[in-house]
Amino acid sequence: MNPVQEAMAGSRALPTGREKPHLLDDRQPCSADSCEFSALIALGQKLLCLKHFIVRCYEWLDYLEPQIQGRLFVRAGMRRAQAMVEECSNRALLVSLRCEDLTNLDRSRLLHILLLSSDLLFQLRVPRNEFLFRYRAKSVVSKSQSPALAAKSAPHAS
Ligand SMILES: [Zn+2]
């Protein structure tokens, strides 16, 4: 079982907006193998440094994206997928707002994670029939457009 599937199957209650994630205080080590840095933030119950937080967000999003787009989850799986995407998004936002020593590359990766997450959350909230209609329309739109713009430019079914 890969780490993302492990997180999907986690028995822990779904993360909710009631949780108050915060940046860690440099006293705990990153949980990634052979990493020497201090943990900055927790994701999926693992304490991670900035680099490994970004890697883990991409692992989660890369795993979840085709399944969300293909609507491959049953209802409980969709809720879990949504919770994981929200956790990535909330933590990435927190790091980008509160961490003072980010490089421009860190900032651009965090922004990319936020954009990917918001696109996936949008897809999760669109009812299945409308999603299929928009998804087909989107595939016709130029690939140079962002997914959000492509979705906006798709005709509305009303
Ligand atoms: Zn690390």
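The largest nonpolar core holds 27 residues, and those touching the most other members are Leu 40, Leu 48, Phe 53, Cys 57, Leu 61, Leu 64 and Cys 88. A nonpolar core here is a set of buried Ala, Val, Leu, Ile, Met, Phe, Trp, Tyr and Cys residues joined through C-beta atoms within 7 Å. At least two residues of this core come from each of helix H1 (3–8), strand S1 (41–43), helix H2 (50–69), helix H3 (75–98) and helix H4 (104–125). H2 gives the largest share, eight residues.

This is a predicted model, in which local features need pLDDT of at least 70 and side-chain atom pairs count only at pLDDT 80 or more, while totals for chains, interfaces and linings use all residues. Residues are numbered from 1 along each chain as its sequence is written.

Take a look at Leu 64: setting aside neighbours within four places in sequence, Leu 64 is in contact with Ala 81, Met 84, Val 85 and Leu 120. Contact means that two C-beta atoms, placed from the backbone, lie within 7 Å.

Stepping back, the chain has six helices and two strands, in the order α-β-β-α-α-α-α-α from the N terminus. Helices (H or I, at least four residues) and strands (E, at least two) are DSSP runs, numbered from the N terminus. Of the 158 residues in the chain, 24% are buried.

Asp 33 counts as exposed because it has 6 C-beta neighbours inside 10 Å. By C-beta atoms placed from the backbone, a residue is buried with 20 or more others within 10 Å of its own, exposed with 12 or fewer, and partly exposed in between.
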